[in-house]
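Please look over the protein chain shown below.

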Amino acid sequence: MDQSFVIQEILAEGENCVIAVQCLVLVDNVIESRLLGLVERTKEHALFVFTHRRMAITGEDVTLYDIFPISNDFAVVEVSSADELSFVGADTRVRLNFQDEDLEVRLPFGSHSRLFLSEVNRAWSDVCKFPKEAPKFEWLHKYHKASKGQGGVKQTLAPLGTTHTKISQLKKTGNSLNAVSRSPVEGNKRVNSGVERPRVESGPESQGKVKREGWDELKREGRDDLVRQSSHTASNKATMLAMPQFGLRDNLIRCELLKNEDIYTYLENFSFFIGTYNVNGQTPKESLRPWLGSTSTPPDMYCVGFQELDLSKEAFFFNDTPKETEWMKAVSEGLHPDAKYALVKLVRMVGIMLLFFVRNEHAKHISEMEAETVGTGIMGRMGNKGAVAIRFRFHNSDICVVNSHLAAHIEEYERRNQDYKDICSRLLFRQHDLALVPLTIMKHDVVLWLGDLNYRLSDLDVDDVKDLIAKKDFETLHSYDQLKRQIDEKAVFVGFVEGEIGFLPTYKYDTGSDQWDTSEKCRVPAWCDRILWRGKNVRQLHYQSHMDLKTSDHKPVSSLLEMGIKLVNEESYKNTFEEIVRSLDKMENECIPSVTLSRRESLAAENWKERRPKEELVWGVTEEIYLLERVLQFHFIDVKFMQHQAETLTLHNDGQVPCQFEFIQKLDERTYCKPWLTANPAKGFIAQGGNVVIDLEVFVNRSTATELNAGRQQIEDILVLHLDRGKDYFLSVLGNYLPSCFGSSIQTLCQLRDPIQEMPLETIRELTLSGDETRTLIIDKPLDIPKEIWQMVDHLYRNAPKQGELFQQPGLRSEFVEIRDCLDTGMPDSLPGSNHSVAEALLIFLDALPEPVVPFSLYQQCLECCSNTSQCKKVVSLLPQCHKNVFNYIAAFLRELLKHSTHNSLDVNILATIFAALLLRSPTKQDLAEKRKTQEFFQHFLVQDLS
């Protein structure tokens, strides 16, 4: 979590906290938490160190502890021990040094720490570029005076026996991006690979060596080596590709290596123990050995997932729980006793946690470890449901492990399907080379998916289910399983495999027993807890539940998988590698890259050709663009708000050399395409004779809808596809956007009695382009509030006052599409979809308003008077009439919902948190202190009638 907004609160005007990271320090042999912030002012940077409360939320929670100016006297030295360096996923220990000041910090493993260190390196590099312009840091004087006597860390750190190498020394060698020196590591067990920065060309004067004094020689000249990636053997191809002599050809070589992988790799089997357990917020009460130690021989690896680790509000709002440590310890003690294991990675989001253990002897073969999380709650912002995941390379195989907790309730299988699709599309792993496209879940050799997937048994009552269980007729029972049915229909988990189920349903039991649920709800038993896999060379050895564990209302499940892992034959790899390099040398001298472009003719394209001549004014397409012979055209017809459309482009490498492609910016433009358009992938490599499929995707969201509604933008763009050392190709993107109430202003909608898509486009554009003061009246008497808001609120008022989890449980995306079309076209007469879908549509509508209900111009006044009820009322009275009507209407509706709080479980805090963020949006980045003030402002209108 980036807590830079906390630090920003205490900084003076003109000072900016670029990035912050939480870390640990050792003070008087006691581990304490600190907050590190990189602060910038007029191109000078310094590292601020703060003590803080358990969770720093506002500036009041932090106290300045020390400051490290980033100058020629500043250094960052990694001091991780050899044992720590052996395990990927371990925290990174670095020592900050400025003149005679030292501070050792332990940074959590992950991409955010790497990004933090990358920004520190960027700041230091700026100092090195202008050595004669030494920073003066006069702006730091006030802080040194204020914090004098607090920074007592100089002599309290345990001595590490490490000689400092300062960055000012490194600068003299020409290795100006290598801001971190390394501790000695025996042999050749690791080669460092970090966040890559643009390559710096080195002249003869930069070829000297750094005086090492025990430090390993820097491996990668001109590269940012701030963050340790992993442990590698000398033969690992990632190591060889990182060597500087291969430069920008790395990806070309990698492409050819992957193409010829079968030549230099062979398969060897390793055992993976996969376990999942929904612990229902309980603490460990029994040994986990009957579950985790149930195999006859010790597995090579453990992937253990938990759900509902902690059900408390503190865990939900602050993502902080002591149960993480308790369950981690229980797992460590429950692993197979006949082997030694190391914890490589722990990742948790609220109550979803994944632990990854490996046998000690395998740790050195783990590399490229990353972890990510995705919440699938309301508007994708709540983490009580969702997934945590890790990805790593083991030897030469790429593996991804996903632990998910999907939507509950027997009837919500479509919501579970949507959760799965959201996780697949939104969970992206940043690669260690930040220039590369992030990896999706499916871009791995093997994917392991475990968790409480929450799919239930349909079309059977509880007695029928229990009767089949008593007969152990699991085959018949499984035919009623929702997950099986959805997989058979190819709705979810396409390409995944699940082993045969021969065990009792794992949910729901009375806690502490093997008895089925005897509560008033009497839940139907179900196989909620599942393990699936995707990939080749995987064989399941067992799949079972563990009835001995009675802590939770679920039973844990385990699967033992035997997986064929690709290992490298050292000699074959070396020969293949050298042959590829020789071949590239020859081809680069003789050949120019060439590709053939083709596209799949879609129905939309055919419709476009038919419609274009008579509707050219609608899309504003120029004849010159349409007839340009060199332009390959892609057509997107009837684009709608938040509805994805895609066209496919295929690149075929018909040249004699592998080639690199990239979409590049046009002259005087900041990005390669309009904000509603993306090319996926936007750059890459194509092997000789190979193909790459590129999806050109159009998606209009809140940030782009307003311009398209107003006619200031059209679905029209030209993309430039550039071949490295080759020519450029031009792609024309043409289409039309159907105006929507989503992304239209309140004033505009109050002028429209008819649905927006029944209005002439020129009328809509005239309304949106005219100023508020000179706005043309389309109707004699404007509506008090937009009819679309009335429709949604009225629907909820009549149908959902007692609906549980309203504005907290997401709706279905398919139902949102129907609701949007109904509001935009007027058909059907009443809103379709569930109450949850209508509620989420209302939130999306408010979020998409170009000017929020409380205009940006009054935002600051709202913050200033948030604690005074009468002043809050006065600010609302200043709103434009239609905005004031909407504000009062929504507030009155929410007060009505609060009258039914015993049924819907809503309270003032929940509603204020959700709606204040939408009604009072900040014109700039909003920090947490401002969020709290907006909530306090809106609460006044929920507890009493001020309208």
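## A pair of sequence neighbours

In this predicted model, Asp 821 and Arg 820 join their side chains in a salt bridge, with an N to O distance of 2.9 Å. Asp 821 is buried. Arg 820 is buried as well.

Side chains of opposite charge can pair when their charged atoms come close.

Lys 550 makes a salt bridge with Asp 514, and their closest N and O atoms are 3.7 Å apart. Lys 550 belongs to the loop between β18 and β19, while Asp 514 belongs to the loop between α15 and β17, so the pair links parts that are 36 residues apart in sequence. How does accessibility class Lys 550, and what is its value? Lys 550 counts as partly exposed because its relative accessibility is 27%. Asp 514 has 35% relative accessibility, so Asp 514 counts as partly exposed.

## A network and the total

Salt bridges also link four residues into a network: Glu 368, Arg 391, Arg 393 and Asp 398. How many salt bridges does a search of the whole structure find? The search finds 35.

## The chain as a whole

The protein chain holds 31 helices and 28 strands. It has 947 residues, of which 55% count as buried. Consider the contacts between residues at least 6 apart in sequence: 72% of them join residues at least 24 apart.

The accessible surface of the protein chain is about 41,000 Å². Carbon and sulfur atoms account for 49% of that surface.

## A buried loop serine

Ser 71 lies in the loop between β4 (62-69) and β5 (74-78). Is Ser 71 buried or exposed? Ser 71 counts as buried because its relative accessibility is 9%, and the cut-off for buried is under 20%.

Which residues does Ser 71 contact, leaving aside neighbours within four places in sequence? The contacts of Ser 71 are then Phe 98, Trp 124, Val 127, Pro 135 and Phe 137.

Technical notes
Residues are numbered from 1 along each chain as its sequence is written. This is a predicted model: local features need pLDDT of at least 70, side-chain atom pairs count only at pLDDT 80 or more; totals for chains, interfaces and linings use all residues. Side-chain values use heavy atoms; hydrogens and water are left out. Helices (H or I, at least four residues) and strands (E, at least two) are DSSP runs, numbered from the N terminus. Buried means under 20% relative accessible area, exposed over 50%, partly exposed in between (1.4 Å probe, protein chains only). Contact means heavy atoms within 4.5 Å. Accessible areas come from the Shrake-Rupley method with a 1.4 Å probe; for residues, only the protein chains shown count as cover.
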